[in-house]
Amino acid sequence: MGNGSIIHQGLVLSLGQLGAEFSFTMPFSKWDSNFKKKLSCGDIFLLKKGDTEVLRGVITEIPVNGSEYKGYDFAWYLNQSETIVQFKKISAKKAIEQLCKKYDVPYMKLPEMNTQIKKVYKDETIANIIADIIEQHEDETDKNYRIEMKDGKLHIFHTSTAKITPHYYDEYGKKHKCTETAEITGTKSIENLRNYIIYANKNDKKKGIKAIVKSSKSIKKYGLLSDVTVADNLTSAKARQRAKNRLSRLNKITTEFSVKMMGSIAVRAGRKIEFDKVGIGISGWYKIKSGNVTGYVKGEYCVTGEEA
């Protein structure tokens, strides 16, 4: 980043979108040679802790008169760029590879994703197209994936491999789990619960319903809560399998809570972290939805999901 010192730095990592946001303040003074450097829009930002790369991104907003800068990791380009593209029955893995090569997006080795993609995307961002392809594969296989940037490259991985146990050391050098002293506030909710899943074929002239899967037990307890997915060229067998997998994911009470605890660079959106707060009904592995980290000293995180 050139000369100058960052005196404050914060990260915002969100699971709901592809990409991480960062902001920091850096002093400027024409009279102090240590702080004469000003950064520009488009400058590359690289954050490390020791030899470990934490974040690589681009500065997108600079102060006219001040010291606070803002930017995103390289997924920002995927969220900003719209395109038109057609996939003619190729695997999800190959579709993502073709998209990355066409738009010069560096990527790490992709997992095997054999779901067949046959779809035309118009006026969609590259990020939304990748997310839609992943969602189709998740519906077909009942597996969950995380998309993020790592070392400046697109990284897609199965979330079952993303369990972490973050630690910190106190002033006496004693090792502690970050979750030990966590302050937790949250809710359990059925607002996102769905117990009646419909899959329809986009190309059918009539209603085009290919499959309906429901949970009678859930409907009796919570009432009918429906979800409709429209897809291209689905057979009845594939539609039913996808509907069953979608019901398995959506027919749940969602536990969502916010946590204040000691920060760690291991704690990122999409990772699963273990809590043992039996007294308030929070016990097991939960997925991190989003988080704010300030100077890796204190963290505030939004955690959601059922036990993994």
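Helices and strands here are DSSP runs, numbered from the N terminus: helices are H or I with at least four residues, strands E with at least two. By that scheme, alanine 237 lies in helix α5.

Some ground rules. This is a predicted model, where local features need pLDDT of at least 70 and side-chain atom pairs count only at pLDDT 80 or more, while totals for chains, interfaces and linings use all residues. Residues are numbered from 1 along each chain as its sequence is written, and side-chain values use heavy atoms, with hydrogens and water left out.

Confidence next. pLDDT is the predictor's confidence in each residue, from 0 to 100. The protein chain averages 83, and 87% of the residues score at least 70. Over residues 1–9 the pLDDT stays under 50.

Back to helix α5, which covers residues 236–250 and includes arginine 242. Alanine 237 has a relative accessible area of 60%, so it is exposed. Arginine 242 has 4%, so it is buried. Alanine 237 also sits 8.4 Å from lysine 210, C-alpha to C-alpha, although the two are 27 residues apart in sequence.

What does arginine 242 contact, leaving aside neighbours within four places in sequence? Contact means heavy atoms within 4.5 Å. The partners are Thr115, Gln116, Gln136, Asp139, Glu140, Tyr199 and Leu234.

Now the second largest pocket. A pocket is found on a 1 Å grid over the protein atoms alone: it is an open set of points where a 1.4 Å probe fits, with protein on both sides within 12 Å along at least five of seven lines, and lining residues have an atom within 4 Å of a point. This one is lined by 21 residues, and Arg242 is among those nearest its centre, with Gln136, Ala231, Asp232 and Leu234. The elements giving two or more residues to that lining are β7 (116–125), α3 (126–141), β16 (226–231) and α5.

Last, glutamate 148, in strand β8 (residues 145–150). Its relative accessible area is 5%, so glutamate 148 is buried. Its side chain makes a polar contact of 2.8 Å with that of arginine 271. A polar contact is a pair of N or O atoms within 3.5 Å; within protein, one must be able to donate a hydrogen and the other to accept it, and residues adjacent in sequence count only if both atoms are side-chain atoms.

Terms used. Buried means under 20% relative accessible area, exposed over 50%, partly exposed in between (1.4 Å probe, protein chains only).
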